[in-house]
Amino acid sequence: MWAAIRQSTMPGEAGLASRSWAWAIAIALGYYIAAEGAFLIGTLSDGIFAPFWPPNAVLFSALLLSPRKRWGLILAAAFPAHVVAELGVGMAPDRIMLAFASNCALALANAWIARRFLTGPPWFGTLRNVITYIALCVGVVPALVAVAGAMVPAGATTNLARYWLYWSNWFLGNALAGLTLSPVLLTWLMPDRRHRTSNTVWRQIEALLFVAAF
């Protein structure tokens, strides 16, 4: 699935055009699977609003690794996956649209910031890039987007008194995914292998420890 996204980031308009259908399907599937995984985790809390939201990491990575003129296609590919996943947990249509708008805003803002300030790839090749990413893409942007996103659960429960609790859940769910999953996806899908570290035994152990700790 992710091979289609990796190939779509390689230069050459002909390659992009010939793989556009597989690319869109891969993004939709990745978003849907990530959403279903989030809802599965969410059953440990309230069953719908997951404390960890990886679909936005998928969307952000796809945007960052693609030409800007393809960003509209990426969002269009993610939309039906989002609708199907949210309908599966009984979300109302107006909440579905608000949640998707919030997800798109976060992914678009983070992709723009990464291209403007991280000077990559490699996106996390310097301490400056890492600090900038954590401050803006993990901190500021998720906090701002959560102002609107928190209205999804607040409106669904008609309990505005708990708005700031919903805001913190929305913020932390996106921040956690951005801190853990986005760097993994961006490194894994990077088309230029020269920017990747060698896949030694110690790197594999490190990856296993990271997954276990997470």
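Predicted model: local features only at pLDDT ≥ 70, side-chain atom pairs only at ≥ 80, totals over all residues.

Trainee: How far from E86 is the nearest side chain of opposite charge?

Mentor: E86 is buried but takes part in no salt bridge. A salt bridge would require a separation within 4 Å. The nearest oppositely charged side chain is that of R95, at a distance of 11 Å.

Trainee: Which residues does E86 contact, leaving aside neighbours within four places in sequence?

Mentor: The cut-off for a contact is heavy atoms within 4.5 Å. With sequence neighbours within four places left aside, the contacts of E86 are F39, W53, M91, I96 and A99.

Trainee: Is I41 buried, partly exposed or exposed?

Mentor: I41 belongs to helix α3 and touches P51 and F52, residues up to four places away in sequence not being counted. Its C-alpha atom is separated by 7.4 Å from that of F52, 11 residues apart along the chain. Buried means under 20% relative accessible area and exposed means over 50%. Because the relative accessible area of I41 is 33%, I41 is partly exposed.

Trainee: Which element gives the largest share of the largest nonpolar core?

Mentor: That core has 47 residues, and Y31, L59, F60, I74 and W123 touch the most other members. Elements giving two or more residues to this core include α3 (20-42), α5 (71-87) and α9 (163-188). The largest share, 9 residues, comes from α6.

Trainee: How many residues are in the other core that lies apart from it?

Mentor: Among the members of that separate core are F52, A57, V58 and A177. Its residue count is 6.

Definitions and conventions:
Residues numbered from 1 in each chain as written. Heavy atoms only, no water. Core = buried A, V, L, I, M, F, W, Y, C linked by side-chain atoms within 4.5 Å. Buried < 20%, exposed > 50% of the residue type's maximum accessible area, 1.4 Å probe, protein only. Helix = DSSP H or I, 4+ residues; strand = E, 2+ residues; numbered from the N terminus. Lys, Arg positive; Asp, Glu negative; His and termini not counted.
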